[in-house]
Amino acid sequence: GTVHELRFRAPQLCCYIIADETEKILQDVPIEPREGKLRKFAAMCLDLFQISLHTKRLAQWTPMPHRYMKCCHGNAPRPMLFFLKNDNENLKRMNMLGLGLAMAINMMFFDGLEVRSDTTKATATATTGRRLRHIGGPKDHRTGNTRIFSAPIAGIDYPNLANPGWKLAVRSAAWFYLALILCSLAMNCLTYTPVDYQKALEDSRESNPRYLETAGIFLLAALLVAPLLFLRVPVLLPLGMAVLFLRQLGSIWHRERRRCPRNRMAEALWACHLSAKRGQVSRQFVLGLLGVAGKLQVEYFYTFLLLDVVNFSEKLNNVVKAITNPLESLLLTSLLGVLVLYGYSSYGYFFLRPDFESKPGHPSCATFADCTVFTMNTGLRHEGGIGFGLQERPEDRDDHLQVSRFIYDLSFFVLITTLFLNLLFGIIVDTFGSLRMESQSRENNLRNTAFVSCLDRSQLDKSLSALGRNSGFDWLEAGGQNKWSYMKFILYLKKKDPLNYTGPETAVVRLVNNEDISWMPNSTCAVLQQEERRHQRQQAAEEAAEHATQEIG
């Protein structure tokens, strides 16, 4: 069809578009096919409209009562605007400052950590116990420690900063870091969670309440987590398991296309699942937990704060995704490997117990549990397999287990050391390679193919060079078919009153709601069509002139 130019006034709402969301659009839309790419682009623009609308309300919020607004003459304080203005520039600076503080804290630890003396250690243990007893598990009466974040550490000298200046600097930097992270987390939750909750309400509108299903889910999570609170395990483990269970439940609802139950608990859970899928919210939540753990005198958690550097590098992100994307395959493969190792440990416990003695009189296979742990620990770490961790059998010993021991060692080396470990590494390496190829292909597509019309750069440059444009592709992407102009047009249509739509706008809104992208140009643009029509008119004129010349002749 013919490409027409539509002019509109970009709404003020476009000033509240978050830059991270536009980058997410470029990263998440598929490269091919064109229909899938533009359909996903339009759907993400509709989601961006809801986020921008909420961001505008959030930026205009003021704590001042309405009756005092006239006294301010339009200059009422708007605290949220500090974080949201200029594409969340201040939030990005806070993230960079937080990473810098984490590096400073770890540098001070690297330089000043020393082992505590017994007196200092006892005093610190008592202080930690008093601080944490009200939120911790049962107290260990043998050591006096509360089991908050670590397993029992009796007999271990706890390191400490001996220099009072370093200690004060670390405490100050830790408080400042925690304030920055919690402030960023609060802003991200205020920005995205209400939008996600509204989406959860819309998703559950046509569903049944299913109160028993929701109550059973939370009861099952409690039954899975409660026993761990009474065992000698870190308290962060049951908390993490509860969060992962509830988040996985949201994934099951999404994967099986079952609508969320229409009740407040389920809708809140679905909203938390949607918010946790956003990298900003989940990252700040984890960093906040680590900061709180560090402030509760479990300082080794500060070392994990440096992993936030992954957020600032796309290549490091691909390294992490190489493990997280095939996580299900890795877990299933690891489960298979554990079952095979369990079989090897069972055979060793029944038939090869004397060979498991690390030293004479010190058996490593006294119990079946010890034999299983020894097989997994030694067999996976030795390059030659389990055989290098067992005692060598004398060659002159004539027993029926000599051949069994040979088959045991060789099969372990082939199945576990060679095949199993290489299979795990191969999954990770293949995923990383595919992610790198996808990233390069995406960059090449954005650099050499028009986003909307999918015209090739060389074709555009050659066609538009005749019109006096040096770079036709850059001109088309910046002005003629700017993808962000299409995004703003969708926001303009959603913001405008439907009663004031023009004829073309009504048709476009209907197509957008039906996920139809036929209103976007396909393999053409207005300039190329004008040039084609001009060429056709010129050709028709030449043919008419030639025909007239033949008639005169």
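How many residues does the largest nonpolar core have, and which of them have the most contacts inside it? The largest nonpolar core has 29 residues, and those with the most contacts inside it are Phe41, Met487, Leu491, Leu493, Trp519 and Met520. This is a predicted model, in which local features need pLDDT of at least 70, side-chain atom pairs count only at pLDDT 80 or more, and totals for chains, interfaces and linings use all residues. Residues are numbered from 1 along each chain as its sequence is written, and side-chain values use heavy atoms, with hydrogens and water left out.

**Nonpolar cores**
- A nonpolar core is a set of buried Ala, Val, Leu, Ile, Met, Phe, Trp, Tyr and Cys residues joined through side-chain atoms within 4.5 Å; buried means under 20% relative accessible area, with a 1.4 Å probe and protein chains only.
- In the largest core, which has 29 residues, at least two residues each come from α2 (34-59), α17 (483-495) and α18 (503-513); helices are DSSP runs (H or I, at least four residues), numbered from the N terminus.
- Helix α2 gives the largest share of this core, eight residues.
- Another core, of 28 residues, lies apart from it and includes Tyr16, Leu84, Met94 and Ile181.

**Valine 452**
- Valine 452 is in the loop between α14 (401-448) and α15 (457-464).
- Valine 452 counts as buried because its relative accessibility is 1%.
- Beyond its neighbours within four places in sequence, valine 452 has contacts (heavy atoms within 4.5 Å) with residues including Arg34, Leu38, Tyr486 and Met520.

**Glutamate 505**
- Glutamate 505 is part of helix α18 and, at 7% relative accessibility, counts as buried.

Conventions. Buried means under 20% relative accessible area, exposed over 50%, partly exposed in between (1.4 Å probe, protein chains only).
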